Amino acid sequence: MPPLRIYRIDAFTTARGEGNPAGVVTDARGLSDARMQAIARELGHSETAFVLPPRGEDHDVHVRFFSPTVEVPVCGHATVGAHFALALEGRAPGLCRQLTGAGVQRVETRADADGVVVRIHQNAPTFGAPLDEALVRELADALGLALDELDPRGPVQFASTGHGKLMVPIRSRERLHALRPDMARLAALDERSGSRGYFVFTLDTDDGDDALTHGRMFAPGIGIEEDPVTGNANGPMGAWLVKHGLLSAPDGEVRFRARQRNGTGRGGFMDVTVTVDGGEPVAVAIEGRAVLGESIER
């Protein structure tokens, strides 16, 4: 086999050392599942993307995603990282259809004066039933929140655009940044909550803030205590906001900036576009930039 080219890419940022780091293997042909899992574990990023040849005529590439402990169906920041890395290797800008564990996604790349932009068309949004009151109480306690710190304008509810998260709206940005969840208790809620990721967010912003939302995402049940920036959380959050009337959206498209930062201060941003039809969210796209951390051959 030729040597592997492995990239470390900082996604959803314009600054090296910020955003969400992802591993990318741009030609993973011949790698076994066990080898891909071992590479992901060694790199230690929340996800690593492995680019493979297409398996059919309805897509152009097949991309698989591994956390340090398990394979996941799809990942926003690692998708940005993968298509950014392919652009570095000379792939022309334009539309690419990628097969993932969540189906076929359209991914567009374009170049501008500031670099490469990657736009991911996520799956149509779906929603679970609002979490029952007793489970909401347990979840709030595991997160270190009082019940009255939740934002009453929308329910705690699972939302997905391919690989969903539990949406947990809260009132205060100050409390968001101060959260110190009990990770073991949070992971123990996965089966009953129907989610392996908990996205806590707020619409509490400062004057002059370029973002509509700020969030933090916890997924200790899949080995990710906290993710710096999460495409598969902010995308469905956009649909959730429209569904519950917290984002004014006449039929057509509505776009906003979402920021996310973890407890150590690392984070980044993305732009979220929600397509609305009949007052309901029907499609979501997220858009982000990336910078190269390093490339390795082995």
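Colleague: How many aromatic pairs does the count come to here?

Modeller: Three aromatic pairs. The rule is that rings of Phe, Tyr and Trp (its six-membered ring) pair if their centres lie within 6.5 Å; planes under 30 degrees apart count as stacked, over 60 as edge-to-face and the rest as tilted. Before we go on, this is a predicted model: local features need pLDDT of at least 70, side-chain atom pairs count only at pLDDT 80 or more, and totals for chains, interfaces and linings use all residues. Residues are numbered from 1 along each chain as its sequence is written, and side-chain values use heavy atoms, with hydrogens and water left out.

Colleague: Okay, so how are the rings of Phe199 and Phe201 arranged?

Modeller: Their centres are 5.7 Å apart and their planes sit at 25°, so this pair is stacked. Phe201 also pairs with Trp240: there the centres are 5.3 Å apart and the planes at 80°, so that pair is edge-to-face. Phe201 belongs to strand 12 (residues 198-202) and Trp240 to helix 7, 39 residues apart, which makes this a link between distant parts of the chain. Helices (H or I, at least four residues) and strands (E, at least two) are DSSP runs, numbered from the N terminus. Ring pairs join Phe199, Phe201 and Trp240 into a cluster.

Colleague: Is Phe201 buried or exposed?

Modeller: Buried, at 0% relative accessibility. The word means under 20% relative accessible area, while exposed is over 50% and partly exposed is in between (1.4 Å probe, protein chains only). Phe199 is buried with 0% too, and Trp240 is also buried.

Colleague: What should I look for in a nonpolar core?

Modeller: Here's the general idea: in soluble globular proteins, nonpolar side chains tend to be buried together. A core here is a set of buried Ala, Val, Leu, Ile, Met, Phe, Trp, Tyr and Cys residues joined through side-chain atoms within 4.5 Å. In this model the largest one has 52 residues, and those with the most contacts inside it are Phe65, Met237, Leu241 and Val272. Helix 7 (residues 231-243) gives the largest share of this core, six residues. Apart from it lies another core, of 21 residues, including Leu135 and Leu189.

Colleague: Which residues is Leu241 in contact with?

Modeller: Contact means heavy atoms within 4.5 Å. Skipping neighbours within four places in sequence, Leu241 meets Phe201, Leu203, Leu212, Thr213, Leu246, Leu247 and Phe256.

Colleague: What caps the N-terminal end of helix 3?

Modeller: Asp132 does, with a side-chain oxygen 3.1 Å from the backbone nitrogen of Ala134. That's a polar contact (a pair of N or O atoms within 3.5 Å; within protein, one must be able to donate a hydrogen and the other to accept it, and residues adjacent in sequence count only if both atoms are side-chain atoms). Just after helix 3, Gly144 takes a positive phi of about 85°.

Colleague: What about phi in residues other than glycine?

Modeller: Most residues other than glycine have a negative phi, and most peptide bonds are trans. Phe12 has a positive phi of about 60° although it is not a glycine. Phe12 sits in the loop between strand 1 and strand 2, and is buried with a relative accessible area of 0%.

Colleague: Which strands does strand 1 pair with?

Modeller: Two strands pair if DSSP finds at least two bridges between them. Strand 1 pairs with strand 17 (residues 280-297) in the antiparallel sense over seven bridges, and Ile9 has Leu292 as its bridge partner in strand 17. Strand 1 also pairs with strand 2 (residues 20-25), again antiparallel, over six bridges. There, Tyr7 has Val24 as its bridge partner.

Colleague: How many of the seven residues of strand 1 are buried?

Modeller: Five of the seven residues of strand 1 (residues 5-11) are buried, so this strand is largely enclosed by the rest of the structure.
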